[in-house]
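Subject: Structure handover

Hello,

I am passing on the structure for you to look at. My notes follow below it.

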Amino acid sequence: MLRIGTRGSALATTQAGHVRDALKAAGYDAELKVVTTAGDLSTDPVERIGVGVFTSALRDALFGASVDVAVHSFKDLPTAAEPRAHLVVPQREDNREALIARDGMGLSDLPEGARVGTSAPRRVSQLKALRPDLDIRPLRGNIETRMGYVTSGELDAVILAYAGLARGGHAERATEVFAPEVVMPAPAQGALAVECRVDDAAARAAIDSLVDPAATRCAAAERQVLATLEAGCTAPVAAYARVEGEQITLRAGVFALDGSAQLVEEGAGADGAALGRRLAARLIERGAAELMG
């Protein structure tokens, strides 16, 4: 029986549940095991406590052998390789950003000064560029809690990853889903990272059955942008890739926190990691470090 480590939130257990079901469909017995993290007990925004508290707790459980497999949102993992882990990327969910607004409104419909909730610097900077009049508020909590701020009237809208809405059965709550050219998503948004210990042959064989080659190539290209920029997952950096035949097309951007400027590069190539390094190098040459502050 493979023990799959997951955080206890509804979204995390849903994501891990998809992995469990896929493993069972491939002929492997698997069950979920909830791992409590310090971040789950904090009331601070994720951008303050850092997503590392979630991922490190799952990895501690994995390397301590209390679980056999760990499931992460890939965008939350550090970009540095973890030599103790074997990592695969299964089929990816929609990576776009979504608006959940009162009265079915889209972004352009929101009144001047509307209160919009999000704590991610990447989202804040892009929203300020599109609508500098908005009153952007910090946001904390699970998906249900965040959407609840709109239902209660405390906020006029919130921005969330559409992948989380779709996986949690809330896709219909989105009042606008942004094209990635309009609001660029985080690198590897919508992708899961499934890990086991590198020396666990049985677990490696099991999770290798989940690999999606296109999702793997795209996530690698996007995350290479972050790695080359030496930026964390909460930095105002965005990237998305798509596979077109043998080629990968990648678009990457760095944004000023106040929305006053943005740098965007796009290119194509067969090697996603090399492409990510190339575009990030161009962004650095154009002043990305200064723009990120």
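Is C196 buried or exposed? With a relative accessible area of 0%, C196 is buried, given that the cut-off for buried is under 20%. C218 is buried too, and its relative accessible area is 7%. There are zero disulfides in the structure. Please keep in mind that this is a predicted model.

Next, the sheet. Its three strands are arranged in the order β11-β12-β13, with antiparallel pairing, and the sheet is open. The edges are taken by β11 (237-244) and β13 (262-269); each has a single partner strand, so one side of each has no neighbour in the sheet. From one strand to the next, the twist averages 10 degrees. Strands of a sheet pair through backbone hydrogen bonds. Between β11 and β12 (residues 247-255), which run antiparallel, there are eight bridges. In this pair, E244 stands opposite Q247 of β12.

A helix goes with these strands: α8 (residues 213-229) lies across β11 and β12, and runs at about 150 degrees to β11.

Helix α8 also turns up in the second largest pocket. That pocket has a volume of about 440 Å³. It is lined by 21 residues, of which F74, T79, A81, L87 and R223 are the closest to its centre. Two or more lining residues come from each of β4 (85-88) and α8. The largest share belongs to α8, which gives six residues to the lining of this pocket.

Regards

How values were computed:
Residues are numbered from 1 along each chain as its sequence is written. This is a predicted model: local features need pLDDT of at least 70, side-chain atom pairs count only at pLDDT 80 or more; totals for chains, interfaces and linings use all residues. Side-chain values use heavy atoms; hydrogens and water are left out. Two strands pair if DSSP finds at least two bridges between them. Helices (H or I, at least four residues) and strands (E, at least two) are DSSP runs, numbered from the N terminus. Axes are lines fitted to C-alpha atoms, for helices over the stretch in contact, and angles run from 0 to 180 degrees between N-to-C directions. Contact means heavy atoms within 4.5 Å. A disulfide is a pair of cysteine sulfur atoms within 2.5 Å. Buried means under 20% relative accessible area, exposed over 50%, partly exposed in between (1.4 Å probe, protein chains only). On a 1 Å grid over the protein atoms alone, a cavity is a set of points where a 1.4 Å probe fits but cannot get out, and a pocket is an open set with protein on both sides within 12 Å along at least five of seven lines; lining residues have an atom within 4 Å of a point. Grid points are joined across faces, edges and corners, and a volume is the space filled by probe spheres set on the points.
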